[in-house]
Amino acid sequence: MSILQFLLLWIIAALCGAVAQSITGYSMGGCLASTAIGFIGAILGQWFAQTADLPLYYTVTLGGEVFPVVWAIIGSVVFVLVVGLITRGRRR
């Protein structure tokens, strides 16, 4: 995976995390937090999709790595809701 592919994957994860924070109304931090939330959401969403035998919608493949955008947003929403309810995150 090249540096450019890694940066594009980073940007996609940050956008997925930011969308999840916007949907839930909880703010967990800045750009780095959004990126981490996006990657964690991708892992959770992909695990859930495989467990429930659901298809991966709108995947982005960069450098041989598959990033499921829709499931990343769904997983990120679940992750942000759980963390926000536990830690009483900042509500917008």
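I began with the cover of helix α3: the elements over its buried residues include α1 (3–24), β1 (26–27), α2 (31–51), β2 (59–62) and β3 (65–68). I take helices (H or I, at least four residues) and strands (E, at least two) as DSSP runs, numbered from the N terminus. Contact means heavy atoms within 4.5 Å.

The model is predicted, so I kept its limits in view: local features need pLDDT of at least 70, side-chain atom pairs count only at pLDDT 80 or more, and totals for chains, interfaces and linings use all residues. Residues are numbered from 1 along each chain as its sequence is written, and side-chain values use heavy atoms, with hydrogens and water left out.

**Entry: helix α3**

I checked the length of α3 (residues 69–87): its 19 residues at 1.5 Å each should span 27 Å, and the end C-alpha atoms lie 26 Å apart, which agrees. The expected span is 1.5 Å times one less than the number of residues. I then listed the buried residues of α3, which are Val69, Trp71, Ala72, Gly75, Ser76, Val77, Val80 and Gly84. Buried means under 20% relative accessible area, exposed over 50%, and partly exposed in between (1.4 Å probe, protein chains only). Just after the helix, I noted that arginine 88 takes a positive phi of about 55 degrees.

Serine 76 is found in α3 and counts as buried because its relative accessibility is 0%. Leaving aside neighbours within four places in sequence, I found serine 76 in contact with Cys16, Ala20, Ile37, Gly38 and Gly41. Of these, Cys16 and Ala20 are listed among the buried residues of α1.

Valine 78 also lies in α3, but is partly exposed, with a relative accessible area of 47%. I recorded a separation of 9.0 Å between the C-alpha atoms of valine 78 and glycine 45, which are 33 residues apart along the chain. Valine 78 belongs to a nonpolar surface patch with Tyr57, Tyr58, Val70, Ile74, Val82 and Ile86, and together they have about 690 Å² of accessible area. Patches are made of residues with over 30% relative accessible area and no salt bridge; like charges are joined within 9 Å, nonpolar side chains (Val, Leu, Ile, Met, Phe, Trp, Tyr) within 5 Å. A salt bridge is a side-chain nitrogen of Lys or Arg within 4 Å of a carboxyl oxygen of Asp or Glu. Accessible areas come from the Shrake-Rupley method with a 1.4 Å probe, and for residues only the protein chains shown count as cover.

**Entry: loop and hairpin**

I next examined the loop between α2 and β2, where tyrosine 58 is placed. Tyrosine 58 is exposed, with a relative accessible area of 58%, and its phi is positive, near 45 degrees. Aspartate 53 is found in the loop between α2 and β2 too; it has a positive phi of about 55 degrees and counts as exposed at 68% relative accessibility. I noted these angles because most residues other than glycine have a negative phi.

β2 and β3 pair in the antiparallel sense over four bridges, where pairing requires that DSSP finds at least two bridges between the strands. I located phenylalanine 67 in β3 as the bridge partner of valine 60. The hairpin has two residues between its strands, and glycine 63 takes a positive phi near 60 degrees there.

**Entry: helix α1**

Glycine 25 follows α1 with a positive phi near 85 degrees.
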